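Trainee: I would like to learn how to read a model like this one step by step. Could we go through it together, starting with the overall picture and then turning to single residues?

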Amino acid sequence: MWRARGGSQDTGLWALKAGLSVQNGCTRSPSRLARIAVPRGGTAMLPCTPARATRAREDGLKPPPARPTSVVSPRVKLVTHVIVGAGVAVFASAHLGCGLQFVAVAGAAGTVIQYLVDMLGHERVGAVPRRTEATHSPEGATFLSLLVWVAAVAVSYQAGWGLTLACALALGLAVWLAAMSHLALDLVTEGGVYPSLRSRKRVRLLGLPYDDPLVNGATQLVGAVLIVASMAKLGFIPLM
């Protein structure tokens with residue numbers, strides 16, 4: 001039951017004319033609704049069926065123009081995770097004394113872990129994806145970063161790049177920081193993160209929309225600055 005708004009008597013008469021059942025100034029709405037203009041500036045919530053829409057057009061009543069809807073891809077947030085995660089890993093490894101090849105491995109590992117956290121850390125409840133504690137908790141993300149670190153060390157060792165213990169540990173720290181950057185970004189969104197694997201409730205700080213273009217743009221800029229600073233540290237970009 002939906003109450004018609006504006007000009008109660010005229011609205012009720014118009015609704016009857018349009019073929020609606022009216023009770024106590026309300027219109028029954030068994031299906032989708034459409035807002036249609038009525039005499040004297042009022043509006044009524046009417047069932048949107050083809051027959052009634054045709055009848056309304058014949059009576060000279062026009063619906064207001066539809067509001068444009070903004071569709072933002074959920075991949076926007078993942079792109080932000082990737083840029084920031086890679087930036088954090090590259091920055092950490094470059095400033096901990098690793099060479100260019102190991103910085104590249106750290107950047108790749110920081111990118112891979114962003115995809116893994118999202119792929120392994122979501123379940124669908126109906127048609128809605130929901131974060132899980134498997135990877136969206138400090139313990140889960142740390143365990144995942146450990147697996148990615150082992151793979152990164154194995155690749156570096158097999159390549160024969162002269163991997164030292166200090167650089168291996170630096171890679172581990174860089175990958176872990178990349179994983180924590182994912183949780184840090186999710187912590188300020190509406191979905192939040194789990195404080196531990198045993199938690200069933202998520203915590204959040206700011207409740208920002210995950211697909212907010214301004215927030216995503218500013219965060220991606222931070223990740224890009226970290227990458228540029230790393231290249232400058234390695235001597236590829238001359239400092240002014």
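Mentor: Helices (H or I, at least four residues) and strands (E, at least two) are DSSP runs, numbered from the N terminus. This is a predicted model, in which local features need pLDDT of at least 70 and side-chain atom pairs count only at pLDDT 80 or more, while totals for chains, interfaces and linings use all residues. Residues are numbered from 1 along each chain as its sequence is written, and side-chain values use heavy atoms, with hydrogens and water left out.

Trainee: Which pattern does the protein follow when it is read along the sequence?

Mentor: The secondary structure comes to seven helices and seven strands. Read along the sequence, these elements give the pattern β-α-β-β-β-β-α-α-α-β-β-α-α-α.

Trainee: What pLDDT does the protein average?

Mentor: The term pLDDT is the predictor's confidence in each residue, from 0 to 100. In this protein 68% of the residues score at least 70, and the average pLDDT is 78.

Trainee: How many contacts does the stretch of residues 1-48 have in the model, beyond near neighbours in sequence?

Mentor: Contact means heavy atoms within 4.5 Å. The pLDDT over residues 1-48 is below 50, and the number of contacts beyond near neighbours in sequence is 90.

Trainee: At roughly what angle do the axes of α5 and α6 cross?

Mentor: Two packed helices are described by the angle between their axes and the distance between the axes. Axes are lines fitted to C-alpha atoms, for helices over the stretch in contact, and angles run from 0 to 180 degrees between N-to-C directions. The axes of helix α5 (residues 138-158) and helix α6 (residues 165-187) come within 8 Å, and they cross at roughly 145 degrees.

Trainee: How many nonpolar residues does the contact of α5 with α6 have?

Mentor: Among the residues that meet here are Trp149 and Val153 in α5 and Val175 and Trp176 in α6. By class, Ala, Val, Leu, Ile, Met, Phe, Trp, Tyr, Cys and Pro count as nonpolar, Asp, Glu, Lys and Arg as charged, and the others, Gly among them, as polar. The contact of α5 with α6 has no charged and four polar residues, and the nonpolar ones number twelve.

Trainee: How many charged residues are in the contact of α4 with α6?

Mentor: The axes of helix α4 (residues 100-120) and α6 come within 9 Å and cross at roughly 35 degrees. Residues making this contact include Phe102 and Asp118 of α4, and Cys167 and His182 of α6. The classes are eleven nonpolar and four polar, and the number of charged residues is one.

Trainee: Is Ala178 buried or exposed?

Mentor: Buried means under 20% relative accessible area, exposed over 50%, and partly exposed in between (1.4 Å probe, protein chains only). Ala178 is in helix α6 and touches Gly85, Val88, Ala89, Gly110, Ile113 and Gln114, not counting residues up to four places away in sequence. Because its relative accessible area is 0%, Ala178 is buried.

Trainee: Why does Ser93 count as buried?

Mentor: Ser93 has its place in helix α3 (residues 75-95). Not counting residues up to four places away in sequence, Ser93 touches Cys98, Val103, Ala106 and Ala174. Ser93 counts as buried because its relative accessibility is 0%.

Trainee: Does Leu205 count as buried or exposed?

Mentor: Leu205 is found in the loop between α6 and α7 (213-233). Leaving aside neighbours within four places in sequence, Leu205 is in contact with Leu187 and Val188. Because its relative accessibility is 61%, Leu205 counts as exposed.
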